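Work through the exercises below with the sequence and the model open. Try each task before reading its solution.

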Amino acid sequence: MAALNLSRLIAAAADTIAAHAEALTALDQAIGDGDHGLNMKRGFEAVRGEAEAFSAKPLPEALKAIGTKLVMTVGGASGPLFGTLFMALGKEISAAPDRANLTLAFGKAIEAVAARGKSQVGQKTMLDVLQPVHDALLQGKAAAEIADIADAAAEATVPMKALRGRASFLGDRSIGHMDAGARSTALLVRTVAETVGESA
C-alpha cells in the first residue's frame, strides 16, 4: 500500500465503471431509479478529471477529496453513500497504511455508510458486499480471493428482498434482481484488488 499509484487506481476505477455503466443502469431499471450506471460513470469521470491533483495529496486527504467529489457529482442516493465511504476511509487511514490499518479504516468506513444510509447487512444494499470484503481482510485473504468474495456477495443480493432505498417500495418484486449498488461496489473492489494487488 505504501507504493500505491493513486492516479493509476483512479483511471482503472473510472474505466471499470464506464465499461459497466449500461449494465449497472439495466440492473437499476429493474428495481430502482434506472440511473445508477450513468450517475456512477459521471462521478468517476469527474474524479478522473482531477486525478493529478488528488494524487499530489497525502492518501488520507486524497480519499476525503475523492469522497467529496463523488457526493457532488454522482447524485441520487449513491453519491452520499459512496462519498461517505471514501471520506470515512480517508478520515481513518494512515498516509502509508499496512493491512491492519487498512482493515480498521475500512471497518470504520462501513459503519459510516450504514449510518448514512440507515441500513444494515441483509437489506440488499452495497453493505452486503462491503461487510464480506471486510471479513475477508480480517481473515487475511489474498487480493484475488477478496475480489471473488465481492462478486459472490453481489450475486447473493439477487434472492434478497430490498428493505432500503427505492427498491424497498417494490417489496417482494425486488426479489430476483441484483442490487446495482452492490454490483458497482464489487466492481470497484475487484479493480482495487487487481490494481493494488497483494501489497494490500
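The exercises that follow use a predicted model.

**Exercise 1. The annotated span**

Task: State which residues the UniProt annotation "domain: DhaL" covers, and describe that span in the model.

Solution. Start with the record: the unreviewed UniProt entry places "domain: DhaL" at residues 4-194. Next, take the ends of this span, whose C-alpha atoms lie 12 Å apart. Last, read the secondary structure: residues 4-194 are 71% helix and 0% strand.

**Exercise 2. Helix H4**

Solution. Step one is the length.

Step two is burial. Among the buried residues of H4 are Leu59, Leu63, Ile66, Leu70 and Val74. An α-helix has 3.6 residues a turn, so residues three or four places apart point the same way.

Step three is the packing.

**Exercise 3. The largest nonpolar core**

Task: Which residues touch the most other members of the largest nonpolar core? Follow one of them, Phe44, to its contacts.

Solution. The core holds 48 residues, and those touching the most other members are Phe44, Ile66, Leu70, Phe106, Val129 and Leu130. Ile66 and Leu70 are also on the list of buried residues in H4, and Phe106 is on that of H6. Setting aside neighbours within four places in sequence, Phe44 contacts Ala13, Ala14, Ile17, Leu70, Phe86 and Leu188.

**Exercise 4. Helix H6**

Task: Compare the reach of helix H6 (residues 99-117) with the expected value, and name elements that cover its buried residues.

Solution. H6 has 19 residues and reaches 27 Å from first to last C-alpha, close to the 27 Å expected. Its buried residues include Leu102, Phe106, Ile110 and Val113. H5 and H7 (127-138) are among what covers the buried residues of H6. Just after H6, Lys118 takes a positive phi of about 45 degrees.

**Exercise 5. Ala182**

Task: Is Ala182 buried or exposed, and what does this residue contact?

Solution. First locate Ala182: it sits in helix H9 (residues 180-196). Its relative accessibility is 0%, so Ala182 counts as buried. Beyond four places in sequence, Ala182 contacts Thr125, Met126, Val129, Ala154 and Thr157. Val129 is 53 residues away along the chain, yet the two C-alpha atoms are separated by 5.8 Å.

Key:
Residues numbered from 1 in each chain as written. Predicted model: local features only at pLDDT ≥ 70, side-chain atom pairs only at ≥ 80, totals over all residues. Heavy atoms only, no water. Buried < 20%, exposed > 50% of the residue type's maximum accessible area, 1.4 Å probe, protein only. Helix = DSSP H or I, 4+ residues; strand = E, 2+ residues; numbered from the N terminus. Core = buried A, V, L, I, M, F, W, Y, C linked by side-chain atoms within 4.5 Å. Contact = heavy atoms within 4.5 Å. UniProt positions renumbered as here; feature names shortened; annotations may be inferred. Expected span 1.5 Å × (residues − 1).
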